[in-house]
Amino acid sequence: VLPLADDDSRTGGGEAGMTRLARDALAQPGVDRVFLLLGTNDLWFGATAAQVIAGYRDILAQAGAAGVPVIASTLLPRSSGGREVWTPAMEAARRAVNNWILHSGAFAAVIDLAEVVGDVYDGACRPDVMFPPYDSGDNLHPDTAGQVAMADAIPT
């Protein structure tokens, strides 16, 4: 089951992005673009890169039918920590999805937020791990400084 495309409330993830897309984005008055940052939890729940990309294609089709362009972000770095395990296979899938996002030409625009929050700042050069000053502590979600860095990376 692909949470991107199916309701994942049973896993604690809430209503899936594709379930909410029409209601929360496409049906909103004056919407002129969709910003897409979905997929890392799908990989964590066992989806393959191909399944996540298929979900993106569905989103692109729905948005295209509504005449709304999609701007995508790369999937942010994620690593193991606490009770959460991020395996080498999951990381390989994240890289494959990011490669597709960056090079497919499927989106109206792409913003490489993975590069913005990856740990390339302190000499360690570990782009597959979130920069510690941007990490909220769960090895996935950016803290306020990370959110500001991401916001600053989005062109106006």
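Leaving aside its neighbours within four places in sequence, with which residues is D119 in contact? The contacts of D119 are A124, C125, R126, P127, V129, M130, F131 and P132, where contact means heavy atoms within 4.5 Å. D119 belongs to strand β4, residues 118-119. D119 has a relative accessible area of 0% and is therefore buried; buried means under 20% relative accessible area, exposed over 50%, and partly exposed in between, with a 1.4 Å probe and protein chains only.

The model is predicted: local features need pLDDT of at least 70 and side-chain atom pairs count only at pLDDT 80 or more, while totals for chains, interfaces and linings use all residues. Residues are numbered from 1 along each chain as its sequence is written, and side-chain values use heavy atoms, with hydrogens and water left out.

The protein chain has six helices and five strands. Helices (H or I, at least four residues) and strands (E, at least two) are DSSP runs, numbered from the N terminus. Starting at the N terminus, the order of elements is α-β-α-α-β-α-β-α-β-β-α. Of the 156 residues in the protein chain, 40% are buried. Among contacts between residues at least 6 apart in sequence, 60% join residues at least 24 apart.

Next comes the sheet. Strands of a sheet pair through backbone hydrogen bonds, either parallel or antiparallel. Here three strands form an open sheet in the order β1-β2-β3, and the pairing is parallel. Two strands count as paired if DSSP finds at least two bridges between them. β1 (34-36) and β3 (109-111) are at the edges with a single partner strand each, so one side of each has no neighbour in the sheet. From one strand to the next the twist averages 25°; axes are lines fitted to C-alpha atoms, for helices over the stretch in contact, and angles run from 0 to 180 degrees between N-to-C directions. Strand β2 (residues 70-73) is joined to β3 by three bridges. I71 has A109 in β3 as its bridge partner.

Not counting residues up to four places away in sequence, V85 touches W44, S80 and M90. V85 and W44 are 41 residues apart along the chain, and their C-alpha atoms are separated by 8.2 Å. A89 is in helix α4. With a relative accessible area of 58%, A89 is exposed. The C-alpha atoms of A89 and G46 are separated by 9.8 Å, and the two residues are 43 apart along the chain.

Finally, N139 is in the loop between β5 and α6 (144-153). N139 is not a glycine, yet has a positive phi of about 65°. Most residues other than glycine have a negative phi. N139 counts as buried because its relative accessibility is 18%.
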